[in-house]
Amino acid sequence: MAIAAQPQMPRVWRAETKPHKFCPGCGHGIVLKALGEAIDALDIQERTIFGCDIGCSLLSWDFFNLDTVQTHHGRTTPVLVGIKRARPELVVVSYMGDGGAYAIGAQHLVSSASRNDLVTIIVVNNTVYAMTGGQMAPTTLPGQKTETTPYGRDARLTGRPILGPELVAAIAPPGAYVARGSIANIVQLKNFIQKGLQNQLEGRGIAFIEALSSCPTNWHTNAAATWGFVEKEMTAYFPVGELRTPEEGPSGRFQEVPARGFQS
Amino acid sequence: MTGNEVVAWAALAAGADIMYGYPITPQNEIMHYWTRMAPKYERGFLQTEDEISAGFATVGGVLAGKRAFTATAGPGNILMQEAMAMAEMMRLPTVVVVTQRGGPSTATVIYSQQELNLTCFGGNGEGLRIVYSPSSHDELFLYTIKAFNSAWKYRFPTFVLGDGYQSKMREPVTIFDPEARGITMEPCRPMVGLSGLPGEERDPAHLRNTYNLEDELYEVLMTAIKEYEAIAPQVVEWDTYAVDDAELLIIAHGVVSRAARAAVVSLRERGFKAGYFRPVTLKPFPAETLRPLAARARNLLVVESAYGQLKRQVQAGLYGLETPVTGYLRPGMGITPEEIVEFVHAKELI
């Protein structure tokens with residue numbers, strides 16, 4: 001009897017640590033596969049450093065045949081910026097969830113964007129703090145029930161979902177690459193991530209890719225409802241597509257001014 | 001030169017590759033001098049958005065195999081502890097220069113010895129760190145160089161615990177190339193970004209600080225604790241003066257030990273049998289050396305610009321010994337030899 005065809009996995013995929021540690025239906029595996037394919041396509045396995053945050057993203061600490069460091073909640077980007085500044089020849093990937101990127105690590109994100117740090121940041125947005133049991137995240141949709149918004153998120157009290165890529169696109173200097181992809185379109189997501197790595201390789205500036213993702217465990221959804229939430233509910237708040245290419249300037253107020261100093 | 005300038009020169013002489021820093025008084029001039037020298041000697045610098053980032057970027061620089069360091073004080077030292085806890089867990093040879101200021105909270109930008117507890121035991125762990133407390137500019141130079149060597153040799157986060165007085169005061173100092181004095185700099189090696197294709201030519205470096213099981217964590221911690229205990233006798237340092245027949249042993253660290261020593265000299269001149277003991281390493285603490293000296297004395301006096309942070313270490317180290325321990329405890333205040341002598345007589349310690 002014919003054995004079902006094995007799906008093709010990226011070369012950086014570490015077989016010894018599979019099956020991976022994520023829940024069934026989790027989007028992390030898809031995002032990581034897209035990242036792996038992008039690394040393969042650019043042939044940068046030997047010089048890529050993968051950094052993962054706290055939260056479910058930490059479960060990727062042994063996912064790849066890549067030198068990897070698992071850091072603290074929200075602190076992955078500073079660690080990788082530290083590595084990049086010390087060893088510019090390396091390619092650094094900062095991988096985290098929406099809580100790490102937009103709440104506890106927001107100041108690092110804003111500062112790295114302003115500095116146009118040569119780092120490729122991938123944020124997996126599943127609208128909840130998943131590892132800790134499904135609390136409200138900065139990305140939780142208005143009306144969405146979580147453990148800390150059991151009656152649904154009230155935007156008047158707790159704000160609206162933060163728009164990470166839009167924030168980075170507004171403030172990063174020219175040279176930045178910013179996109180939002182989704183696990184619902186793997187080819188496009190891989191493409192965005194590859195462009196983000198390319199941006200770092202060319203030394204142009206920061207690369208920031210958010211990936212809309214799923215958490216059926218904490219959403220308490222079946223397969224159909226999970227996909228419905230990712231494809232319809234989330235994209236209503238979080239439009240998918242490229243927000244900044246390296247040639248474009250910031251979408252926020254920005255004026256190119258020559259370097260200035262005090263008159264001596 | 002000033003102490004902050006000494007630290008910058010020491011880091012340069014030690015071959016430090018990169019500094020990550022965030023402004024806080026009284027540490028600032030370490031960055032000021034470093035940023036002036038760094039481009040001339042092809043060294044790096046990044047001013048980060050806060051001390052959290054400075055600490056973690058230092059962790060990154062070290063992971064990349066470079067002599068990376070940072071410097072901070074007071075509230076910045078608090079924020080730095082998060083990254084240093086990671087360094088402690090993962091055995092990363094970070095170097096942090098602390099210039100103590102008044103505390104708690106914002107307090108003063110001037111001086112104190114109130115960051116002993118934080119620097120020795122900060123973080124949610126066991127305090128597996130090396131902490132040097134220099135007392136002069138010559139020592140500031142020497143122990144900043146030594147901090148890089150101890151960090152990379154033993155792989156525990158290493159601190160130079162200075163203070164605002166040492167940072168700002170000027171005194172003569174001899175700076176030197178470590179090699180010329182026979183000090184070989186401990187080589188650095190990268191922990192990520194190794195050569196060879198990971199997974200094919202070698203195993204990938206998979207570095208983590210998270211564990212699933214109690215047993216797993218226990219094994220990692222006990223390995224580190226046993227290694228720390230094994231290296232402690234090689235790391236531990238102290239200084240003594242006139243201790244052999246001392247009836248009163250005055251114990252102080254850092255800049256205060258200069259006042260303590262001067263007080264002992266003054267007491268000796270008047271025929272009083274006083275001696276002085278100074279822990280140079282606060283972590284590990286030289287309790288084994290102090291114990292027999294303390295046992296011989298009639299009184300112990302701990303002098304510090306904090307309310308008992310050193311005294312607690314002394315008492316813990318001498319547990320079971322019956323020699324009475326008195327404290328001259330002046331949190332956030334400078335201490336003169338005259339004050340110490342006056343206190344000794346007022347309390348009839350000799």
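Two strands are said to pair if DSSP finds at least two bridges between them. Strands themselves (E, at least two residues) and helices (H or I, at least four) are DSSP runs, numbered from the N terminus. With that in hand, let's walk through this predicted model, in which local features need pLDDT of at least 70, side-chain atom pairs count only at pLDDT 80 or more, and totals for chains, interfaces and linings use all residues. Residues are numbered from 1 along each chain as its sequence is written, while chains are lettered from A and ligands numbered from 1 in the order in which they are written.

**Strand 8 of chain A**

| Partner of strand 8, chain A | Sense | Bridges |
|---|---|---|
| Strand 4 (residues 120–125), chain A | parallel | six bridges |
| Strand 7 (residues 177–182), chain A | parallel | six bridges |

How many of the six residues of strand 8 of chain A are buried? Six of the six residues (207–212) are, so this strand is largely enclosed by the rest of the structure. Here a residue is buried if 20 or more other C-beta atoms lie within 10 Å of its own, exposed if 12 or fewer, and partly exposed in between, with C-beta atoms placed from the backbone. In a regular strand the side chains alternate between the two faces of the sheet. In strand 8 of chain A, A:Ala207, A:Ile209 and A:Ala211 point one way, A:Phe208, A:Glu210 and A:Leu212 the other way, and all are buried.

**Chain B and its domains**

Chain B contains twelve helices and 13 strands, and 54% of its 350 residues count as buried. Its C-alpha trace spans about 75 × 50 × 40 Å along the principal axes.

An automatic or database domain assignment provides the bounds, dividing chain B into domain 1 (3–181) and domain 2 (239–346). The C-alpha centres of these two domains of chain B lie 26 Å apart. Across the boundary, 21 residues of domain 1 of chain B are in contact with 19 residues of domain 2 of chain B, contact meaning C-beta atoms, placed from the backbone, within 7 Å.

**Where the chains meet**

Between the chains, 35 residues of chain B are in contact with 31 residues of chain A. Helix 3 (51–63) of chain B is among the elements giving two or more residues to the side that touches chain A, and the largest share, nine residues, comes from this helix.

What surrounds B:Val192? Leaving aside neighbours within four places in sequence, its contacts include A:Ile49, A:Asp67, A:Val69 and A:Ile83 from chain A, as well as B:Leu63 and B:Ala64. B:Val192 sits in the loop between helix 7 and strand 7 of chain B and is buried, with 27 other C-beta atoms within 10 Å. B:Pro204 is twelve residues from B:Val192 in sequence and 8.6 Å away in space, C-alpha to C-alpha.

Definitions and conventions:
Contact = placed C-beta atoms within 7 Å.
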